[in-house]
Amino acid sequence: LSRLHSGLSLSFRVVLVLFGRRVDRLLIESRKEYNAIKGFVQRFSPEQTSRIHFYDKEESLFDYLGVEQEIARAMSRKVWLKSGGYLVIDHTEAMTVIDVNTGRFVGKRDQEETILRNNLEAAREIAYQVKLRGIGGIIIVDFIDMEREKNRDKVYHALVDAMSSDKARTRISRVSDLGLIEISRERVREDLLRSLSEPCHYCDGRGYTKSPMSVAYEIFREVR
């Protein structure tokens, strides 16, 4: 099996690894790859052949399925939630830090209820972003502080449920008194940010550039 696997093209390896029962359909843009993959599946798993489809529309497959938008969202430092709150995702050498903010989200009831709803939505989005971006190692999530213990439990269980479908080995701590949750996730592949980007040569990968005012004062000092 290992020799068979190593001799297959990338397309066939993707089919072997990812094409399970939870996949509704497989769309393929290349006629050559479609014929090859369909023939392969017919030979080794004929019951799954009906889920393989050739995509022949003029619009790019990634645009048609909204994949480009999801990639752009996965590369962004700030991720907006439907409620108006947002996440800020920062990568460091040692860990990934995710900060949850209410943003424009204002609840109709008490403040604790507003925070709970924002944290519950954030928990689901965090699980999605972690899996989509392939983030591994230590992940620290800074939820908005909640006073009630039962609300902290609700957020913890929401995150555990959302991460339950993750194939990577994951451990999740309970919400601390400071509103922090620690996630330890197995590194199964290089994360999306590192595979699709490179350090900025202006800020040397720090993510910051000097403000115009700072640069202006530097110029004045040089002139002086």
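Me: What volume does the second largest pocket have?
Reply: Keep in mind that this is a predicted model. In it, the second largest pocket comes out at a volume of about 700 Å³.

Me: Which residues lie nearest the centre of the second largest pocket?
Reply: The lining of this pocket runs to 21 residues. By class, that lining splits into seven nonpolar, six polar and eight charged residues. Nearest the centre sit His91, Leu193, Gly205, Arg206 and Gly207.

Me: Which element gives the most to the lining of the second largest pocket?
Reply: Two elements, β4 (86-91) and α8 (192-196), each put at least two residues into the lining. The one that gives the most, with three residues, is β4.

Me: Which residues of α6 make the contact with α5?
Reply: On the α5 side, the contact uses Glu70, Arg73, Ala74 and Met75. Taken by class, the contact has four nonpolar, one polar and four charged residues. The α6 side supplies Glu125, Tyr128, Gln129, Leu132 and Arg133.

Me: How far does α6 reach from its first C-alpha to its last?
Reply: α6 has 23 residues, and at 1.5 Å a residue the expected span is 33 Å. The model comes close to that, with a reach of 32 Å.

Me: Which residue just after α6 takes a positive phi?
Reply: Look just past the end of α6, where phi goes to about 70 degrees. The residue with that positive phi is Gly134.

Note on methods. Residues numbered from 1 in each chain as written. Predicted model: local features only at pLDDT ≥ 70, side-chain atom pairs only at ≥ 80, totals over all residues. Heavy atoms only, no water. Contact = heavy atoms within 4.5 Å. Helix = DSSP H or I, 4+ residues; strand = E, 2+ residues; numbered from the N terminus. Nonpolar A, V, L, I, M, F, W, Y, C, P; charged D, E, K, R; others polar. Expected span 1.5 Å × (residues − 1). 1 Å grid on protein atoms, 1.4 Å probe; cavity = no way out; pocket = protein on both sides within 12 Å on 5 of 7 lines; lining within 4 Å. Points joined across faces, edges and corners; volume = space filled by probe spheres on them.
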